[in-house]
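Hello,

Here is the structure I said I would pass on. My notes come after it.

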Amino acid sequence: MDFVAGCIGGAAGVLVGHPFDTVKVRLQVQSADKPLYRGTFHCFQSIVRQESMLGLYKGIGSPMMGLTFINAIVFGVQGNTMRLLGQDTPVNQFLAGAAAGAIQCIICCPIELAKTRMQMQGTGEKKSSTRKVYKNSLDCLARIYQRDGLWGVNRGMVTTLIRETPGFGVYFLTYDVLTRSLGCEPEDPYMIPKLLFAGGMSGIASWLSTYPVDVIKSRLQADGVGGKFQYSGIMDCTRKSIEREGWRVFTRGLTSTLLRAFPVNAATFATVTLFLMYVRQEEGPKDCEPAPQHHAALQQQVQPSSL
């Protein structure tokens, strides 16, 4: 039942946060010489005007498609790692989260590649004139595999690994510290708001800790759209990005990312908690108690930044 709750909560987070993610990717990979968007809100406005509201949800199929697999990996690795470590401490939460983040990259990287390619499709074009290269996320991955093989499907794997490993660790560590500090008593009328706050702030902390790596990852995964490749690897992408745009390149899309991080994690926590309270009426509120077993169980039900 925890697995089902986590999947439903993760799906809610994707639905809430995907438009912000689309804006983030567009801002991260747009040309520095001829930028299409002046900032976060202009990008939102332009996408809706040119591509309709559905333009904000381009590429949503891939994160939805892989949600179950990612959750299964995260839950299994994080739970087993915590059991191996023995004690529910902040340090162990970081280590368990980092292990889960590293392993789930196997699924996360291809999913984010398809998402990025779909989000870039039809950039700056009117909806009526858009010529679709990819029909959907599965078609996108199939075409990439046919052209570039397994290497192409896993493009950006190293940067995904560098981002996800500490990102998940920071997420679980922040959530652990905040929930212990705030407390979460069963009779507390502010139990849900506390969970929402802890989850939202954990998502923000996770993104801030690894955001520069995410910029490079997005650029590498978007590279080659249109048939032209600009970067030969991570270091080449980093060097060229800094030379052209300075160190501020690593903050591209950060506003939309942080705007997305809080509601995504808040929606995920709320959905998971309400679902468990519904199916476990006698012990639902106990899922939020600071006792080690319940505390660790609740943490395993929520995903950080990847979705």
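Predicted model: local features only at pLDDT ≥ 70, side-chain atom pairs only at ≥ 80, totals over all residues.

In UniProt, an unreviewed entry lists residues 55-74, 94-114 and 258-279 under "transmembrane region". I looked at one of these, residues 94-114: the span is 95% helix and 0% strand, and its end C-alpha atoms lie 29 Å apart.

Helix 6 covers residues 105-120. With 16 residues at 1.5 Å a residue, helix 6 should span 22 Å, and the 22 Å between its end C-alpha atoms agrees with that. Of those 16 residues, 14 are buried, so helix 6 is largely enclosed by the rest of the structure.

Its partner in these notes is helix 7, residues 137-153. The two axes come within 10 Å and cross at roughly 120°, which makes helix 6 oblique to helix 7. The crossing is right-handed. On the helix 6 side, the residues that meet helix 7 are P110, L113, A114, R117 and M118. On the helix 7 side they are S137, C140, L141, I144, R147, G152 and V153. An α-helix has 3.6 residues a turn, so residues three or four places apart point the same way.

Is D21 buried or exposed? Its relative accessible area is 4%, under the 20% cut-off, so D21 counts as buried. Beyond its neighbours within four places in sequence, D21 is in contact with K115, Q119 and R260.

Regards

Terms used. Residues numbered from 1 in each chain as written. Heavy atoms only, no water. UniProt positions renumbered as here; feature names shortened; annotations may be inferred. Helix = DSSP H or I, 4+ residues; strand = E, 2+ residues; numbered from the N terminus. Expected span 1.5 Å × (residues − 1). Buried < 20%, exposed > 50% of the residue type's maximum accessible area, 1.4 Å probe, protein only. Axes fitted to C-alpha atoms, helices over the stretch in contact; angles between N-to-C directions. Parallel < 35°, antiparallel > 145°, perpendicular 65-115°, else oblique. Left-handed = near helix turned anticlockwise from the far one by under 90°. Contact = heavy atoms within 4.5 Å.
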